[in-house]
Amino acid sequence: MFVKGNFLILLLYVDDMLVVGRDTKKIASLKKVLGKSFAMKDIGPAKQILGMHIVRDRTKEVLWLSQEKYVTKILERFNMSKEKPVGSTLATNYKLNARHCPKGEKDKTEMRKVSYALAVSSLMYAMIYTRPNIAFAVGMVSRYMSNPSREHRPAAKWILRYLKGTSKVCLRYGFGKPMLEGFTDSDMSGDVDSSRSTSRYVMTYAGGAVSWQSRLQKVVALSTTKEKYMVVIEAGKELICMTNFLKELGMKQETFLLHCDNESAIYLAKNATHHSQTKHIHRRYHCYKRRWMRKSLPL
């Protein structure tokens, strides 16, 4: 990505290019300059890029991003287009763990014939661009890509069935205030293999999700307070980065709002004193605390 002058952005991915800006004359000038150096074809306003479909309503200043065609494509690729849709990203009865992974060479050879890793990679692509709602489930199945088992396959298929029922779901922007807002969540020792919790957050701007993550925490949390505390700090660091990015675009963002559903974690984040009870938490979770607490609204 390249940023130039007064909010003129050039997004480049291999041979695909998007130019974003408020001044149409500057955009035309940039395309003219690039056209002298590279063989280019201007296909007009962006409608699709990298499997994402773009719909805009200029009168209402609203934009939608979806991957309906991509979802349909991967369902056909893995023979899931006729399967019955489900209403949840992952069934509660799926307790995936490494004990299910095949130990013998015969079982491993048999599982290599299954396109498990390819299916999970396809799910990751959808999750990264427009489907934050499957981030947690995709994170679960992706932990066993190198050595999947028969027990792991149904979980990946379940996510594909969920995508079939929600293929028209899209990201929508322009219906909210131009302000950064973060939402956090985590599960207590959800990973069976390591007893670590999974941190989850989503950041919104102008009513739509702009950043999200679902990832195992670096250390084992000994209480719900500490596991919630760790995800709040990680989310705060992400909000600081996004605030700086908005400043580069000339958009002032003095404060942001971060939500947490644990009062003890909120108190621990606000308290500047380093508690001896939290020494098992790596220092990385404290380095940004004072900085983002000055920038954020009260939790």
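**Close-up views of a predicted model**

**View 1. Asp185 is partly exposed, at 29% relative accessibility.** Here, buried means under 20% relative accessible area, exposed over 50%, and partly exposed in between (1.4 Å probe, protein chains only). The model is predicted, so to speak of a local feature takes pLDDT of at least 70 and a side-chain atom pair needs 80 or more, while totals for chains, interfaces and linings use all residues. Residues are numbered from 1 along each chain as its sequence is written, and side-chain values use heavy atoms, with hydrogens and water left out.

What does Asp185 pair with in a salt bridge? Its partner is Lys228, and the closest N and O atoms are 3.1 Å apart. (A salt bridge is a side-chain nitrogen of Lys or Arg within 4 Å of a carboxyl oxygen of Asp or Glu.) This pair links distant parts of the chain: Asp185 belongs to strand S8 and Lys228 to helix H7 (residues 224–248), 43 residues apart. Helices (H or I, at least four residues) and strands (E, at least two) are DSSP runs, numbered from the N terminus.

**View 2. Lys228 also forms a salt bridge with Asp261.** This time the closest N and O atoms are 3.3 Å apart. Asp261 sits in the loop between S11 and helix H8 (263–270) while Lys228 is in helix H7, so this pair ties together parts that are 33 residues apart in sequence. Is Lys228 buried or exposed? At 9% relative accessibility, Lys228 counts as buried. Asp261, on the other hand, counts as exposed, at 56%.

View 3. Lys237 counts as buried, with a relative accessible area of 14%. Elsewhere, salt bridges that share partners join Asp185, Arg200, Lys228 and Asp261 into one network. Zooming out, a search of the whole structure turns up seven salt bridges.

**View 4. Four strands make an open sheet.** In what order do the strands come? The order is S10-S9-S8-S11, and the pairing is mixed. Strand S10 (208–216) and strand S11 (257–259) are the edge strands, so named because each pairs on one side only (pairing takes at least two DSSP bridges between two strands). Strand S8 (residues 181–187) and strand S9 (residues 198–205) run antiparallel, joined by seven bridges. To pick out one of them, look at Glu181: its bridge partner in S9 is Thr204.

**View 5. Leu12, Met17, Phe38 and Met40 form a nonpolar patch on the surface.** Together these residues have about 370 Å² of accessible area, worked out by the Shrake-Rupley method with a 1.4 Å probe, where for residues only the protein chains shown count as cover. Patches use residues with over 30% relative accessible area and no salt bridge, joining like charges within 9 Å and nonpolar side chains (Val, Leu, Ile, Met, Phe, Trp, Tyr) within 5 Å. Met40 lies in the loop between helix H1 (24–37) and strand S4 (48–49). Met40 is partly exposed, with a relative accessible area of 38%.

**View 6. The protein chain has nine helices and eleven strands.** Of its 299 residues, 40% count as buried. The chain exposes about 17600 Å², and carbon and sulfur atoms supply 54% of that area.
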